[in-house]
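Please look over the sequence and structure first.

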Amino acid sequence: MADDYDFPKGDLMKGKKGVVMGVANHNSIAWGIASQLAAQGAEMAFTYLGESLERRVRPLAESIGVTTMITADVTDDASMDAAFAAIEKKFGTLDFVVHSIAHADRDQLKGSFVENTTRDGFMLAMNISAYSFVDVARRASRLMPNGGSMLSMTYLGSERVIPNYNMMGVAKAALEACTRYAARDLGPSGIRVNAISAGAMRTLSLAGISGGRGMIAQGRSFSAMKEDTSMEGVAGCALWLLSDLGRSTTGEVVHVDAGFHMMGFPDSGEG
Ligand code: NAD
């Protein structure tokens, strides 16, 4: 529940209404972000994938006062139409949206990128993990007449080769480019678009990557801070970008990974 973390309380999100997409369970990054936003007064709806997740997500949502829960499959236009119609009916207008969604088939996330990447695997990962953000940005921006803030989640595998991350790295590179193009389009409407590049964290998605748990250990030992990426750090960055503290920041990919991304080679500990 929200008590798993120590999120600062306040009213930075008071009066703001938004949608958080991608809570699957209490380990989800979307859950950490939503909990932090709730602790700062945000009013939210959750979208989640499929009825089977509802049993897990509803108690979490209710524990932070979120009562609007809508199923939405980002690969299905009819499902997205229905979800955004329900969101518009509930809130009228939006101030923020969090896209914390990705998927690739497991066989695209191991071994040789060149040998294992199939046409279908490529398209599926790009559709769910990158195109869906463009679709969400279009739908959400139409509900943001007073400006707003959009956020997605990415990982360093977009910029550098991370063994086994393979197809998801390519999809994340596309997602980051989508962030910049959307920021350019929506900037004149006062809508900011940013991404957080988080270090590896223990979630369902990570479990789908061959050797995913090893990514956490590597991230810790190679990072400048020699520690794991914290949910509090990721959620705090989300709060900055989604609240008015983030005004003037758009088109950014902010690394929240204890300084893993900027190291040139592993630190021997000498000197
Ligand atoms: P998670 O499994 O908890 O969340 C992924 C979510 O994507 C789930 O809620 C799932 O239902 C949703 N999803 C998948 N296919 C969907 C579809 N067709 N329609 C709608 N929703 C769909 O894992 P997470 O680690 O919290 O992942 C959230 C985001 O953070 C992802 O974009 C992921 O790539 C990114 N990220 C994760 C890490 C990490 O180490 N866990 C690091 C950096 C970035």
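**Briefing**

Ala258 lies in the segment after strand 7, where helices (H or I, at least four residues) and strands (E, at least two) are DSSP runs numbered from the N terminus. This is a predicted model, in which local features need pLDDT of at least 70 and side-chain atom pairs count only at pLDDT 80 or more, while totals for chains, interfaces and linings use all residues. Residues are numbered from 1 along each chain as its sequence is written, and side-chain values use heavy atoms, with hydrogens and water left out.

**Positive phi**

- Ala258 has a positive phi, near 60°, in a residue other than glycine.
- Ala258 is buried at a relative accessible area of 13% (buried means under 20%, exposed over 50%, partly exposed in between; 1.4 Å probe, protein chains only).
- Asn166, not a glycine either, has a positive phi of about 35°.
- Asn166 belongs to helix 6 (residues 166-186) and is buried, with a relative accessible area of 13%.
- Most residues other than glycine have a negative phi.

- Not counting residues up to four places away in sequence, Phe46 touches (heavy atoms within 4.5 Å) residues including Val20, Trp31, Val57, Ile64 and Met69.

**Ligand site**

- The ligand is surrounded by 28 residues (a heavy atom within 4 Å), and the closest are Ser28, Ile29, Lys172, Met201 and Thr203.
- Ser28 sits in the loop between strand 1 (17-21) and helix 1.
- Ser28 is buried, with a relative accessible area of 8%.
- Beyond its neighbours within four places in sequence, Ser28 is in contact with Gly22, Val23 and Met231.
- An oxygen atom of the ligand is 2.5 Å from an N or O atom in the side chain of Thr203.
- An oxygen atom of the ligand is 2.8 Å from a side-chain N or O atom of Lys172.
- A nitrogen atom of the ligand is 3.0 Å from a polar backbone atom of Val74.
- The ligand taken alone exposes 810 Å², of which the protein buries 93% (Shrake-Rupley method, 1.4 Å probe).

Note on methods:
A polar contact is a pair of N or O atoms within 3.5 Å; within protein, one must be able to donate a hydrogen and the other to accept it, and residues adjacent in sequence count only if both atoms are side-chain atoms.
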